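Visitor: I would like to go through some labels used for this structure and ask what each one rests on.

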Amino acid sequence: MPSIPTQTGAFFLFAVIAAPAAASQATPPQDPPQTSVTVTGTRPAAPVELARGPDIRGIISGRNADKVKVTADDGTSTVIAITEATSIKTEGLFGGGLFSGRSKQGAAALRNGLPVTVRTLQSGDGLVASQIVFRNSDLRVANMIDSGTAQKFEEQTAATAALRGRLGDIDKYNVKKTVNVYFDTGKAILSGQARAELCTTASEADKVDNALMLVVGYTDSVGSQENNQRLSERRAASVINHLQQACGWKPYRMLTPTGLAEADPLASNDTEEGKAQNRRVSVNILVSKGVDGL
């Protein structure tokens, strides 16, 4: 083995740092031998290496440890992965400065029923959340719904909670008003007129003591029963999302929505005019007979 010329300690340290390729020659003989381990597989892409994905807006409709499902206004749902690198924030409004969250939150804040805006990255065939933003007020409501114990929730919805606990039959409700919004063939996207009508309906319902809403989606007779069932559910989801996000209707004042496909038509499906009337979502303003008039 060739001898190493005598040098100062500082110069020797500099040489080791500057030339890592020669580190094996400079390793003192007393160091224990290193075990060689080979790891196979594909290294996950770091966030900086992922392409930008779409921004997703909607309501969290499903959640597990590392994924959320977000349902948009048009009824479509997107599953998005959450990682340790995901930034979760609250802010006052979604207006100017979309992602200028004012306070950091943990993943535990991502509860069902919470309206969110998600900035995503593309990871293979899926999406990963880089940022999730929501309003402080929406988080408070979602927490109230989830726990059912907050004082404000109890004060504002005592009659509703009691009503839900006692009654599960629609016959036990008085229907105060029904508003229908209509859709194009095969679509679940709300028109501008429908959006305005829904907010007007929510404003009127808010003036009715103990009012709840029941949202039911329908289709015409075109297409299979399976497809129409899914379409009716998507239409109902579009209406619910708009009522909650744009019109301010609280989730805890909403009865479980449903889709009934082509059942209960308003008009004959033998004409185009009749089919147009049947492609609808019915928004029913209800009050329990037990508390109506109190």
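**Salt bridges, burial and cores**

Guide: R253 and D206 form a salt bridge, with their closest N and O atoms 2.8 Å apart. This is a predicted model, in which local features need pLDDT of at least 70 and side-chain atom pairs count only at pLDDT 80 or more, while totals for chains, interfaces and linings use all residues. Residues are numbered from 1 along each chain as its sequence is written, and side-chain values use heavy atoms, with hydrogens and water left out.

Visitor: What makes R253 and D206 a salt bridge?

Guide: The term requires a side-chain nitrogen of Lys or Arg within 4 Å of a carboxyl oxygen of Asp or Glu. The R253–D206 pair has its closest N and O atoms at 2.8 Å, so the pair qualifies.

Visitor: Where in the chain are R253 and D206?

Guide: R253 is in the loop between α6 and β10 (258-259), and D206 is in helix α5, 47 residues apart. Helices (H or I, at least four residues) and strands (E, at least two) are DSSP runs, numbered from the N terminus.

Visitor: Why is R253 called buried?

Guide: Buried means under 20% relative accessible area, exposed over 50%, and partly exposed in between (1.4 Å probe, protein chains only). R253 has 14%, so R253 is buried. D206, at 48%, therefore counts as partly exposed.

Visitor: How do you know that K177 and E204 form a salt bridge?

Guide: Their closest N and O atoms are 2.5 Å apart, so the pair meets the same cut-off. K177 lies in strand β8 (residues 173-182) and E204 in helix α5, 27 residues apart. K177 is partly exposed because its relative accessibility is 34%; E204 is partly exposed because its value is 33%.

Visitor: What makes a set of residues a nonpolar core?

Guide: The members are buried Ala, Val, Leu, Ile, Met, Phe, Trp, Tyr and Cys residues joined through side-chain atoms within 4.5 Å. The largest such core here has 21 residues, and those with the most contacts inside it include V181, V215 and V239. A second, separate core of 17 residues includes I60, I80, I88 and V118.
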